[in-house]
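I opened a new notebook page for this model. The plan is to go through it place by place and write down what I look up.

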Amino acid sequence: MPEHNRIDLIEFPIGGSGDLAAARAFYEAAFAWRFTDYGEYLDTSDSGVTAGFNAVDDGARQSAPLAVLYVDDLEAARERVTDAGGTIRHDIYAFPGGRRFHFVDPAGNELAVWSQ
């Protein structure tokens, strides 16, 4: 169960579905991770922290691994992020399982925040 204001998962960008299959084969062979397949997105909790592999080309996919935090109230979290000096990179949008937004912190790090 995700916890409020905690990093819930790390998401790795994947170039496309062929690259997704290669990433899956690599992590299965190298570390014996098992995956839940959502088409263009793979999910595993075998990594010690939930990890996602994202091949969805929706304009919101990042170019580097992304820490994703969970919050109880997405709109309140968005307001706190901007009040603290963060910049919204991708505003709130829906995905299977919830909604999320991406922001950049003052040091230039991109993170995401999600809620159910």
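**Entry 1**

I started at R100, which sits in strand β7 (98–104). Helices (H or I, at least four residues) and strands (E, at least two) are DSSP runs, numbered from the N terminus. Before going on, I noted that this is a predicted model, where local features need pLDDT of at least 70, side-chain atom pairs count only at pLDDT 80 or more, and totals for chains, interfaces and linings use all residues. Residues are numbered from 1 along each chain as its sequence is written, and side-chain values use heavy atoms, with hydrogens and water left out.

Is R100 buried or exposed? R100 counts as buried, at 7% relative accessibility. My cut-offs are under 20% relative accessible area for buried, over 50% for exposed and partly exposed in between, with a 1.4 Å probe and protein chains only.

Next I asked which side chain R100 makes a polar contact with. The partner is the side chain of E11, at 2.8 Å. A polar contact is a pair of N or O atoms within 3.5 Å; within protein, one must be able to donate a hydrogen and the other to accept it, and residues adjacent in sequence count only if both atoms are side-chain atoms.

I then listed what R100 touches, not counting residues up to four places away in sequence. The list includes E11, L66, V68, L74, D91, F95 and W114. Contact here means heavy atoms within 4.5 Å.

I turned to E11, which lies in strand β1. E11 is buried, with a relative accessible area of 1%. Its side chain is also joined to that of N54 by a polar contact of 3.5 Å. Leaving aside neighbours within four places in sequence, E11 is in contact with residues including Y41, G52, N54, Q62 and R100.

**Entry 1: the largest pocket**

I looked up the largest pocket and found about 590 Å³ of space in it. The search ran on a 1 Å grid over the protein atoms alone; a pocket is an open set of points where a 1.4 Å probe fits, with protein on both sides within 12 Å along at least five of seven lines, and lining residues have an atom within 4 Å of a point. Grid points are joined across faces, edges and corners, and the volume is the space filled by probe spheres set on the points.

By class, I noted 11 nonpolar, 3 polar and 7 charged residues in the lining. Ala, Val, Leu, Ile, Met, Phe, Trp, Tyr, Cys and Pro count as nonpolar, Asp, Glu, Lys and Arg as charged, and the others, Gly among them, as polar.

**Entry 2: helix α2**

I moved to α2, residues 74–83, where L74, A77 and V81 are buried. These cover an arc of only 60 degrees around the axis, which puts them on the same side of α2. The arc is that of the directions from the helix axis to the C-beta atoms.

What do the buried residues of α2 pack against? They pack against β6 (87–95), β7 and β8 (110–115).

I checked both ends. D73 caps the N-terminal end of α2, with a side-chain oxygen 3.2 Å from the backbone nitrogen of E75. G85 follows α2, and its phi is positive, near 105 degrees.

I found a positive phi, near 65 degrees, at N5. N5 is in the segment before β1 and counts as partly exposed, at 40% relative accessibility.

A32 also has a positive phi, near 60 degrees. A32 is in the loop between α1 and β2 (36–37) and is exposed, with a relative accessible area of 57%.

I14 is in the loop between β1 and α1 (17–31) and is buried, at 11% relative accessible area. I14 and N54 are 40 residues apart in sequence, yet 5.4 Å apart in space, C-alpha to C-alpha.

My last stop was H90 in strand β6. H90 is buried, with a relative accessible area of 16%. Its side chain makes a polar contact of 3.3 Å with the side chain of R89.
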